[in-house]
Amino acid sequence: MYLQSSFSNNRGGVIDTSSSSSSSSSSSSNSSPTRVNNNSNNNNNNNNNSNNISNNSSTLYRQSLYELPTNWSSKEKCPHLELSSNSLRVTYKNNKTDNEAGLIRANCCIPPSCGIYYFEITVISKGRDGYIGIGVCTSTMLLSRLPGWERNSFGYHGDDGNLFKGSGTGTSYGPTYTTGDVVGCCINFVQGTIFFTKNGVPLGEATKDIKGLSLFPCVGLRTPGESLEANFGERPFAFDVDQLFKEEKQRVIKTIKNTKTVEDDSISTQLVLSYLMHHGYSETVKLFAKATGTDGESLNSQLDDIKNRQRISELLSKGNIDEVFKELDIVYPNFLSQNREIQFKLLCQKFIEMIKTSPIEETMAFGQNHLSNFSFESKEYESNLNEIFSLIAYSDPYTSPVSFLLEKSKRDQIINDLNCALLVYCHKPATPVLEKIVKQAKVAIDQVVHQNASPAAAFINVKDFIDVDDN
């Protein structure tokens, strides 16, 4: 399971404060916990935003770059524990020696590159004494201990509500929990913290000591009859983890925006200007250049080039290939003789246009006289020719398997290829520098996530910085 499937549908449970449960706590300070009612009609209040949450999750995480825990591991468990329900339910079996702790780890560790990870358990039965613990640990922790009892492990225990951090002696942390309660564990790798929840309510920071640790979700049980079932994201959580993700993302973005950079308006101006000129936004170029004081004779000559490319593109978009050839010969002499591939693509498009309008004999003659020799130049050319020549075999090419060749999108593809080739011919980059920067930023972020270099990268999407309107 990957991060999107774990979290894209989490909407959080609705807390119904009208009901409560009994608690095993002996302390008067631990009030009876509220119950999570996932069947409440109030849940519909969150459903209205479910599509937005799903879209937001998909922008936060690169789901193909890492794998997340999905169930408990049958290999990483104490013999006293029994697995069932697709390896999500854990039960303490009766054995000769009561009070012998048993621990089980998830099927893989949590990758820090996910940014934030959260899972929950539902206590099916507190058993005899309710000695149940939830938390995280490393792969070296003994399976005969409860979470938090050993170094580099952290656990929140149900019988006393104590927090255990690498020691058998706990400290007061939260309320006790028992049969029917939903308890969660959240690991924030960006902040380097862990906190726990009970019935959807966060209980406060538990530790800041997780840096550099490879952590596994884990639970521990100690007396007969204790049973719990995990939720690794296959159904909605009681805790609103999506809101936590949004808040963390906002913090990350704010930090990036507040980072000081080299102030050089001329660089950003040229980047934007070159992008607009590349794509032929001539009127926008004029307005932008005037506003930034970059207009002049040099700009005027570049605007002429834009108009030439626009005119040729318009002819090509209408399927007027003969006029395209004429304009290219006039405005860009020697261009076609230096660009054999563009010449081939234009001639192929000419053949396709003739399929639509010209007699079949004339079309076949054109193909024989102007295209057939290309088949000897490369296997790719030969394959392309076999494809477009097959149009002749159908009485109605528009319903043929190769009808896509007749669609307008085929012209648009050649328009783009021709535009890039003309830019290179005029000693300009085929791809605007601004687009290269954006692409490189995306690749760099993916690499950071892939190499677990920074948990904060999970919350970064380049589009967030391109599409945001500060006004």
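In what order do the 7 strands of the open sheet stand? The order is E3-E6-E15-E8-E9-E10-E11, with antiparallel pairing. This is a predicted model, in which local features need pLDDT of at least 70 and side-chain atom pairs count only at pLDDT 80 or more, while totals for chains, interfaces and linings use all residues. Residues are numbered from 1 along each chain as its sequence is written, and side-chain values use heavy atoms, with hydrogens and water left out.

View 1. Strands here are DSSP runs (E, at least two residues; helices are H or I, at least four), numbered from the N terminus, and two strands pair if DSSP finds at least two bridges between them. Strand E3 (72-77) and strand E11 (171-172) each have a single partner strand, so one side of each lacks a neighbour in the sheet. Look inside the sheet for E6 (residues 102-106) and E15 (residues 216-221), joined in the antiparallel sense over 4 bridges; here Gly102 sits opposite Leu221.

**View 2. Trp72 meets Phe232.** The whole structure holds 17 aromatic pairs (Phe, Tyr and six-membered Trp ring centres within 6.5 Å; planes under 30 degrees apart are stacked, over 60 edge-to-face, the rest tilted). Trp72 and Phe232 are edge-to-face, because their planes lie at 75°, with centres 5.1 Å apart. The partners are 160 residues apart in the chain, Trp72 in strand E3 and Phe232 in the loop between E16 (226-231) and H4 (241-257). Both are buried (under 20% relative accessible area with a 1.4 Å probe, protein chains only; exposed is over 50%, partly exposed in between). Ring pairs link Trp72 and Phe232 with Tyr117 and Phe119 in a cluster.
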